[in-house]
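Please look over the sequence and the model shown here before reading on.

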Amino acid sequence: MFDREDDVVERVIQQLRRPVAIDPGLDARVMKEIANVPSAKRRAWPLWSLLAAAAVVGALLITRPWTRDAQRGPDTFQFVFVAPQAASVSLVGDFNDWDPKRAPMQTAQGVWATVVNLAPGRYRYAFLVNGVEWRADPGAPSVKDDEFGTPSSVVTVGGRGS
Amino acid sequence: MIVAALLLATQVAAQDSRLERLDPDTRSAVSAVVDSARSAGLPAEALIQRALEGATKGAPGARIVAAVRRLTVDLGTARTALGTNASGPELEAGVAALRAGATPQVLTQLRTVRRPPLTMALSVVADLVASGVPADSAAAAVLALAPKARDADLVEFRRAVERDIALGAPPGAATSVRVNAGALDNAYGVGSGNTPRPPSRP
């Protein structure tokens with residue numbers, strides 16, 4: 001039984017080992033087809049990939065995300081001050097030349113608020129109530145070295161993961 | 001060329017229309033100080049803002065000039081301690097830390113243990129002192145945290161100390177406890193991911 005199976009296997013092996021006759025013109029036809037492919041098509045992928053890579057590198061060089069922490073632009077900060085009896089409140093500080101006209105705060109039932117863009121740095125500021133009364137921000141560190149006899153606060157905008 | 005640049009800078013300062021809010025004598029004196037500081041490479045904008053603060057607050061001219069002169073001297077001290085590469089915001093924060101009681105040596109040491117910018121670290125020293133923390137304790141705490149802490153971590157640290165103080169803890173003890181807590185649970189390490197993010201609020 002095993003001898004018969006061995007004979008079959010042996011015949012299959014011999015059949016597989018027979019050299020296959022290939023048309024001698026095949027190589028020439030294949031090379032001719034390759035030569036007929038338009039050159040732009042063959043270069044399209046590497047060219048576009050180079051352009052894409054250049055664009056990515058250019059964008060990285062322009063935006064420089066690895067230095068964003070140290071040299072980032074302004075952040076938006078909302079300043080809030082509760083003064084139900086006030087007729088007007090202005091936010092004044094190092095970020096607006098201490099000019100009350102530049103940062104009038106808007107009120108909603110006595111809660112005064114405004115939004116300011118601040119670049120990294122340390123800023124002194126205060127609230128000017130009714131145009132005459134200086135008030136510090138109760139929710140922020142106070143300035144200890146005030147030289148003008150009125151309360152002020154300080155806000156620090158950091159540059160490293162803040 | 002340097003002389004030309006200095007002359008140009010002087011003209012720019014002299015033409016700064018913002019200083020027109022000062023009376024003529026005060027404006028002249030402040031402009032001279034600002035020009036001198038600018039020539040020395042100090043951040044003139046900080047001096048202008050201090051003068052404008054005084055003007056808006058109705059301070060006498062002599063007090064405004066004195067404040068600007070004092071700030072110029074302190075900016076110079078801060079630059080000596082932090083190095084000539086220190087940025088304007090770093091110098092201003094350095095002045096705040098110095099005025100809070102930190103020594104110039106603390107500023108120099110901070111420069112060596114933490115990569116720039118140092119603005120937040122220096123500010124936290126000043127802010128802690130303003131909250132009642134002894135200057136040496138505030139400086140030691142920030143120096144301990146500075147090598148690894150992010151700015152956000154330092155802000156959160158300051159807030160935690162302020163909360164503890166508001167709840168009745170002695171300022172010095174609150175500071176040391178928070179520093180040790182941070183060291184134990186590594187809450188103030190880079191990329192720990194455990195530190196709460198502060199809201200967009202001073």
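Does Asn130(A) count as exposed or buried, and how many C-beta neighbours does it have inside 10 Å? Asn130(A) counts as exposed, because it has 12 C-beta neighbours inside 10 Å; a residue is called exposed if 12 or fewer other C-beta atoms lie within 10 Å of its own, buried if 20 or more do, and partly exposed in between, with the C-beta atoms placed from the backbone. The model is a predicted one, in which local features need pLDDT of at least 70 and side-chain atom pairs count only at pLDDT 80 or more, while totals for chains, interfaces and linings use all residues. Residues are numbered from 1 along each chain as its sequence is written, and chains are lettered from A and ligands numbered from 1 in the order in which they are written.

Asn130(A) lies in the loop between strand S5 (121–129) and strand S6 (133–135) of chain A, and its phi is near 55°, a positive value in a residue other than glycine. Most residues other than glycine have a negative phi, and most peptide bonds are trans. Gln109(A) also has a positive phi, of about 55°, and with 6 C-beta neighbours inside 10 Å it counts as exposed. Gln109(A) belongs to the hairpin of S3(A) and S4(A), which has two residues between the strands. In chain B, the peptide bond from Pro116(B) to Pro117(B) is cis, with omega near 5°, and Pro117(B) is found in the loop between helix H6 (104–113) and H7 of that chain.

Chain A as a whole has four helices and seven strands, where helices (H or I, at least four residues) and strands (E, at least two) are DSSP runs numbered from the N terminus. From the N terminus on, its elements run α-α-α-α-β-β-β-β-β-β-β, and 23% of its 162 residues count as buried. Strand S1 (residues 75–82) of chain A pairs with S4(A) in the antiparallel sense over eight bridges, pairing being assigned if DSSP finds at least two bridges between two strands. Within this pair, Asp75(A) has Leu118(A) as its bridge partner. S3(A) and S4(A) also run antiparallel, joined by three bridges, and here Thr107(A) stands opposite Trp112(A).

Between the chains, 32 residues of chain B are in contact with 31 residues of chain A, contact meaning that the C-beta atoms of two residues, placed from the backbone, lie within 7 Å. The side of chain B that touches chain A draws at least two residues from each of helix H3 (44–56), helix H4 (61–82), helix H5 (88–100), helix H7 (119–130) and helix H9 (151–166) of chain B. By class, that side has 15 nonpolar, seven polar and ten charged residues; Ala, Val, Leu, Ile, Met, Phe, Trp, Tyr, Cys and Pro count as nonpolar, Asp, Glu, Lys and Arg as charged, and the others, Gly among them, as polar.

Chain B is assigned domain 1 (1–82) and domain 2 (85–202), with bounds that come from an automatic or database domain assignment. The contact between them takes twelve residues from domain 1 and 14 residues from domain 2 of chain B. On the side of domain 1 that touches domain 2, H4(B) gives the most, with nine residues.
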